[in-house]
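Hi everyone, thanks for coming. Let me put the model on the screen, and then we can walk through it together.

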Amino acid sequence: METLESELTCPICLELFEDPLLLPCAHSLCFNCAHRILVSHCSTTKPLESISAFQCPTCRYVITLNHRGLEGLKRNVTLQNIIDRFQKASLSGPNSPTESRRLQPQRPYTATISGTIAGTIGGGGGTGGGSARSSPATSSHSHPHANHTNHINHNNANHSPAIVVKMEPRISCQFCEQDPPREAVKTCVTCEVSYCDRCLRATHPNKKPFTSHRLVEPVPDTHLRGLTCLEHENEKVNMYCLVDDQLICSLCKLVGRHREHQVSSLTDRFDKLKAYQVSPGRVSDAVMEASKTSAAQTLENNLTNLVKRNSELENQMAKLIQICQQVEVNTAMHEAKLVEECDELVEIIRQRKQVIAVKIKESKVMKLRKLAQQIANCRQCLERSSALITQAEQSLKENDHARFLQSARSVAERVAMATASSQVLLPDVNLNEAFDNFALDFSREKKILEGLDYLTAPNPPSIRDELCTASHDTITVHWTSEDEFSVTSYELQYTIYTGQTTFISLYNSADSWMIVPNIKQNHYTVHGLQSGTRYIFFVKAINQAGSRNSEPARLKTNSQPFKLDPKTAHKKLRLSNDCLTMEKDESSLKKSHTPERFGGTGSYGAAGNVFIDSGCHYWEVLLGASTWYAIGVAYKSAAKNEWNGKNSSSWVFSRCNNNFMVRHDGKEMLVEASLQLRRLGVLLDYDNNSLSFHDAMNSQHIHTFEISFLLPVVPTFMIWNKSVMILSGLPVPDFVDGVASDLQELQQQQMGLCRQESPYLTGMKTCH
């Protein structure tokens with residue numbers, strides 16, 4: 001906090017900048033302090049309006065004024081805003097002094113930008129918002145004895161605790177007779193007295209001996225007393241020991257341990273050190289060399305680092321303030337959205353409550369109506385049964401045999417019929433009609449409501465390199481996601497990776513990326529890619545809350561497949577039907593000669609049917625029993641009537657019986673290879689300007705050409721005995737890719753050095 005306060009302090013008044021001016025040298029100065037500097041240069045013959053320049057108090061850079069004077073300089077609005085925020089944050093803590101010297105009660109944190117930033121400063125960093133400066137009429141500038149402790153803003157008392165900023169008091173004139181004395185504008189180091197403008201002109205006229213007095217900006221009395229010697233308490237330091245790099249007094253030089261040391265005056269040492277630190281371009285070389293001491297160098301380095309760090313801190317602080325503001329905006333937006341969504345849920349629950357209540361009432365009415373009908377039926381049956389029972393009981397009481405026999409038959413039939421039909425007439429009582437099977441079970445909905453939370457962006461997906469596949473023009477990318485059910489869609493982005501730029505620079509270059517949006521599955525096949533080319537892929541998982549990217553994955557397409565071109569084959573070579581095998585055949589039929597066909601004595605060669613101008617390509621040659629061959633690449637313009645490698649347009653690896661060599665531009669160099677070499681691997685990395693040969697069976701590197709390709713190249717093959725077979729369109733093996741990566745790293749380390757096309761040795765044996 002103190003470091004931040006020091007960065008916001010004016011070098012003249014030693015207070016926080018007020019109405020700061022942005023000087024051309026990039027330093028800042030209070031407007032009033034700049035005005036006082038101009039006033040200090042005034043005299044009876046030189047009015048204030050005639051002053052057109054002054055020196056920056058920090059770096060002594062000469063500031064030139066136009067006809068508007070100080071009004072012509074720009075205001076440092078950004079610095080003023082930072083100071084205002086800093087003051088508001090500093091004054092919003094519970095320990096800030098008030099007019100009544102009472103502590104304000106601390107309240108819970110409130111979601112405001114001022115509280116957020118004030119809390120940040122209280123914790124050790126950040127900046128607050130708002131302004132706590134008083135108006136010019138009530139400012140502490142109006143009274144020289146005023147205590148410059150900033151007053152608290154009571155409206156911010158509920159914010160997080162912060163550190164109180166206390167400013168140093170003004171320097172008063174020590175020569176004024178009026179009460180209170182005026183504010184000092186200069187301090188005379190020689191007199192050790194601070195003067196106001198009027199007293200300074202009266203006591204220090206522009207004549208000797210006062211011209212030798214040293215005037216500085218106003219400083220407190222404690223600074224005027226100077227530093228005392230560490231070895232002699234009552235003596236002031238007035239010399240500088242160059243041997244021990246230490247301040248000393250006169251006694252140290254006369255009788256102390258520095259009496260034999262070389263010393264310098266404080267003024268000379270100050271001038272040399274200041275000249276080296278501030279304006280090294282304005283002093284002579286001799287003075288520069290004399291002043292380059294370890295202390296000066298250390299101070300200059302530290303000052304440079306501090307200035308750089310301050311600039312970084314200002315940028316970082318501005319970004320943090322912007323992020324805080326964005327947090328406030330986003331928080332308010334999400335809070336409003338939360339209220340809106342919850343209100344909608346409450347409204348849905350209220351509506352469903354009404355609907356279910358209506359259903360319950362309707363079911364109640366239907367069940368009661370049905371039960372009432374059943375009760376009525378039971379009542380009718382009961383009445384009929386009661387009447388029949390009464391009649392039967394009366395018949396049983398009859399003593400007259402004739403009368404009993406006359407009525408007993410009909411009564412018995414009716415009782416029998418009533419008894420037989422009692423089960424039918426008796427209403428069926430259904431327990432379901434009592435609403436016992438009805439339940440309100442909202443447990444599932446309650447769990448869902450208890451799990452309500454704001455949606456976050458899905459976790460970054462992960463590209464599965466082991467599942468990704470490639471051909472010469474397609475790459476299928478597979479990935480997995482931990483939050484698969486929360487992902488709405490995926491987005492695949494890819495670009496060519498040459499190895500010459502970092503991923504960060506590629507990522508920041510939006511124009512170079514191809515985008516495939518709205519992918520629903522966890523894999524995608526990209527078509528139309530360049531063969532033998534490295535690509536960078538990353539996948540973005542997207543939902544309503546945002547998106548997150550996977551780690552970048554480097555994938556590459558396979559080499560360009562090709563065959564032997566019959567139009568280029570020498571007339572004494574026989575090609576197979578699939579154009580993958582070539583054999584030396586002296587008895588083959590004569591072919592018509594064309595410009596693209598290999599011709600001439602001994603030039604038994606053929607070329608591939610593809611021209612390569614980009615990418616990384618790998619093919620292998622099955623050598624069989626052949627002991628005399630030359631394999632490589634060449635420009636289209638390479639001569640067809642001579643061996644490959646005899647000109648500057650072709651590069652080959654060849655075998656002449658038991659000798660292996662590489663050849664280019666007529667120069668040859670022996671290389672080591674096994675006599676049992678049966679499978680030759682060729683890696684052409686056109687983008688990185690290299691052509692390398694490998695023993696594919698033993699995974700051994702043989703030789704690498706470093707070539708500055710100017711034109712497209714074509715694979716070339718020459719044999720003088722037996723036959724060879726080519727295998728093209730192959731992926732680059734791991735051992736070959738590792739060598740290529742090492743070579744690429746070596747090339748980057750040697751960047752800036754002159755590159756030679758090939759390191760050839762002279763005087764080597766030539767194969768004929």
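First, a term: two strands count as paired if DSSP finds at least two bridges between them, and strands are DSSP runs of E with at least two residues, numbered from the N terminus. This is a predicted model, where local features need pLDDT of at least 70, side-chain atom pairs count only at pLDDT 80 or more, and totals for chains, interfaces and linings use all residues. Residues are numbered from 1 along each chain as its sequence is written, and side-chain values use heavy atoms, with hydrogens and water left out.

Let's start with the three-strand sheet. It is open, antiparallel, and ordered β10-β9-β11. β10 (246-248) and β11 (263-265) each have a single partner strand, so one side of each has no neighbour in the sheet. Neighbouring strands here are turned by 35° against each other on average, direction ignored; the axes are lines fitted to C-alpha atoms, and angles run from 0 to 180 degrees between N-to-C directions. Strand β9, residues 239-241, joins β10 through three antiparallel bridges, and Cys241 sits opposite Gln246 in β10.

Now the six-strand sheet. Which order do its strands take? They run β23-β32-β25-β26-β27-β28, in an open sheet with antiparallel pairing. At the edges we find β23 (605-607) and β28 (667-670), each pairing on one side only. The twist averages 20° from one strand to the next. Between β23 and β32 (residues 713-719) there are three antiparallel bridges, and Ala606 faces Phe717 in β32.

That's my tour, so over to you for questions!

Notes:
Helix = DSSP H or I, 4+ residues; strand = E, 2+ residues; numbered from the N terminus.
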